Amino acid sequence: MSDPTQTVKVQFHVNGKPVNTEVPSDLALVDFLQEELGLSGTRLCCGIGVCKACTVAAQRTPSSQPQPLLACSTPVALLQGQRITTVEGTGSPQKPSMVQQAFLTHFAFQCGYCTPGFVMATEMLIARLRVAPIARADLDQAIEEAVGQHICRCTGYARYQAAIRVVILEEKGLVR
């Protein structure tokens, strides 16, 4: 176990903006995002990485594919040089992303607590499909692999999956 009084200097990016800070070695990313950067979209739910509500996208290098990162169980100290994208980095209330708009249009959520995790997982799925399109017959499986482990307390799974399917099918070149 790390010493909570020990601090670590770390440089990384959040939603395209550089962050240069010194943090306690065990400070979780979700706490840093909310308390230090005022980004409240990433949600702390289970606190142990099971529910996936806290999912953000992480890129080790600017040219790498974004990968899911659980902000509740990832210390900020481990993010040196990475690029982190939160739900706030995908759209805004005034101009939602395609994924956010599809979730709104399809009434994909009720309480909205898990929605940021679903948005981020979907954004990363679309990023992967832009690089490596899949056969239309494999679409439902790809959606399941991207969001199947995310927990929705209000049981919005079918609507999330329908909205994700629509977004992917509407963008040319993601499925063949």
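This is a predicted model: local features need pLDDT of at least 70, side-chain atom pairs count only at pLDDT 80 or more; totals for chains, interfaces and linings use all residues.
Me: How do H2 and H5 pack, at what angle and how far apart are their axes?
Reply: Helix H2 covers residues 98-105 and helix H5 covers 157-170. They pack at about 135°, with axes 9 Å apart.

Me: Parallel or oblique, then?
Reply: Oblique. Angles over 145 degrees would count as roughly antiparallel, and H2 and H5 are therefore oblique to each other.

Me: Which hand is the crossing of H2 and H5?
Reply: Right-handed.

Me: Which residues meet there?
Reply: From H2, Met98, Val99, Ala102 and Phe103. From H5, Tyr160, Ala163, Ile164 and Val167. By class, that contact has eight nonpolar residues, no polar ones and no charged ones.

Me: Now H4 with H5. What angle and axis distance?
Reply: About 120°, with the axes 10 Å apart. That makes H4 oblique to H5. H4 also passes H5 in a right-handed crossing.

Me: What classes of residue are in the contact of H4 with H5?
Reply: The residues from H4 are Leu139, Asp140, Ile143, Glu144 and Val147. They meet Gln161, Ile164, Arg165, Ile168 and Leu169 in H5. By class, there are six nonpolar, one polar and three charged residues.

Me: Switching to the largest nonpolar core. Which residues touch the most other members?
Reply: Phe103, Leu125 and Ile168, out of 29 residues in that core.

Me: Which elements give two or more residues to this core?
Reply: H2, H3 (115-131), H4 (139-147) and H5. H3 gives the most, with eight residues.

Me: What is Phe103 in contact with, leaving aside its neighbours within four places in sequence?
Reply: Ala108, Phe109, Thr115, Phe118, Val119, Thr122, Tyr160, Ala163 and Ile164.

Me: Loops next. Where does Asn15 lie?
Reply: In the loop between strand S1 (7-14) and strand S2 (17-24).

Me: Why does Asn15 count as partly exposed?
Reply: Because its relative accessibility is 24%. Buried would need under 20%, and exposed over 50%.

Me: And Phe107, buried or exposed?
Reply: Exposed, with a relative accessible area of 59%. Phe107 sits in the loop between H2 and H3. Phi of Phe107 is near 45°, again positive in a residue other than glycine.

How values were computed. Residues are numbered from 1 along each chain as its sequence is written. Side-chain values use heavy atoms; hydrogens and water are left out. Axes are lines fitted to C-alpha atoms, for helices over the stretch in contact, and angles run from 0 to 180 degrees between N-to-C directions. Helices (H or I, at least four residues) and strands (E, at least two) are DSSP runs, numbered from the N terminus. Angles under 35 degrees count as roughly parallel, over 145 as roughly antiparallel, 65 to 115 as roughly perpendicular and the rest as oblique. A crossing is left-handed if the near helix is turned anticlockwise from the far one by less than a right angle, and right-handed if clockwise. Contact means heavy atoms within 4.5 Å. Ala, Val, Leu, Ile, Met, Phe, Trp, Tyr, Cys and Pro count as nonpolar, Asp, Glu, Lys and Arg as charged, and the others, Gly among them, as polar. A nonpolar core is a set of buried Ala, Val, Leu, Ile, Met, Phe, Trp, Tyr and Cys residues joined through side-chain atoms within 4.5 Å. Buried means under 20% relative accessible area, exposed over 50%, partly exposed in between (1.4 Å probe, protein chains only).
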